[in-house]
Amino acid sequence: MARVGVEQSLTNIQQALRDKGHDVVELKQESDATNCDCCVITGMDSNVMGMQDTVTKAPVIDANGLSADEVCQAVESRLS
């Protein structure tokens, strides 16, 4: 399955992705996103300074307002 980077605070999403067989990596710093097939973020600190530095070419999913199941579906649809 896919290697998915997930922000630390999204523990329910981490568990849901693990249950579906994905390799989940906690995103603690920028370098954690390297080699991930997809990243899931909270969106809480997204673009606070008005700057956008890209550290990965993988799809990034904003989990704000989504259930764990909806995030899993979004991850799987982006990777297929």
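Two strands count as paired if DSSP finds at least two bridges between them. Helices (H or I, at least four residues) and strands (E, at least two) are DSSP runs, numbered from the N terminus.

**Figure 1. Overview of the predicted protein chain.** The model is predicted, and residues are numbered from 1 along each chain as its sequence is written. Local features need pLDDT of at least 70 and side-chain atom pairs count only at pLDDT 80 or more, while totals for chains, interfaces and linings use all residues; side-chain values use heavy atoms, with hydrogens and water left out. The protein chain holds two helices and four strands, which follow one another from the N terminus as β-α-β-β-β-α. Of its 80 residues, 38% are buried (buried means under 20% relative accessible area, exposed over 50%, partly exposed in between, with a 1.4 Å probe and protein chains only). Contact means heavy atoms within 4.5 Å; among contacts between residues at least 6 apart in sequence, 39% join residues at least 24 apart.

**Figure 2. Confidence along the protein chain.** The predictor's confidence in each residue is given as pLDDT, from 0 to 100. The protein chain averages 87, and 86% of the residues score at least 70. By element, the mean is lowest in strand 4, at 92, and highest in helix 1, at 97. Where pLDDT is low, the predicted coordinates should not be read in detail.

**Figure 3. Strand 1 and its two partners.** Five bridges pair strand 1 with strand 2 in the parallel sense, and V6 stands opposite E26 in strand 2. Strand 1 also pairs with strand 3, again in the parallel sense, over three bridges. G5 stands opposite C39 in strand 3. Four of the five residues of strand 1 are buried, which leaves this strand mostly covered.

**Figure 4. Strand 3 beside strand 4.** These two strands run parallel and are joined by three bridges. V40 has I61 as its bridge partner in strand 4, and I41 has D62.

**Figure 5. The two faces of helix 1.** Helix 1 spans residues 11-19, and its buried residues are I13, Q14, A16 and L17. Seen down the helix axis, these fall within an arc of 165°, so they line one face of the helix; the arc is that of the directions from the helix axis to the C-beta atoms. The face turned away from this buried side carries the exposed residues T11 and D19. Among the elements that cover the buried residues are strand 1 (3-7), strand 2 (23-27), strand 3 (38-41) and helix 2 (68-79). G21, which follows helix 1, has a positive phi, near 95°.

**Figure 6. The largest nonpolar core.** A nonpolar core is a set of buried Ala, Val, Leu, Ile, Met, Phe, Trp, Tyr and Cys residues joined through side-chain atoms within 4.5 Å. The largest one has 17 residues, and V4, V6, I13, L17, V40 and V75 have the most contacts inside it. Strand 1, helix 1, strand 3 and helix 2 each give two or more residues to this core; helix 2 gives the most, with five. Leaving aside neighbours within four places in sequence, L17 touches V4, V6, H22, V24, C72 and V75. In soluble globular proteins, nonpolar side chains tend to be buried together.

**Figure 7. T34 and N35 in the loop between strand 2 and strand 3.** T34 is partly exposed, at a relative accessible area of 39%. Its C-alpha atom is separated by 8.8 Å from that of G5, which is 29 residues apart from T34 along the chain. N35 is exposed, with a relative accessible area of 66%. Although N35 is not a glycine, its phi is positive, at about 70°.
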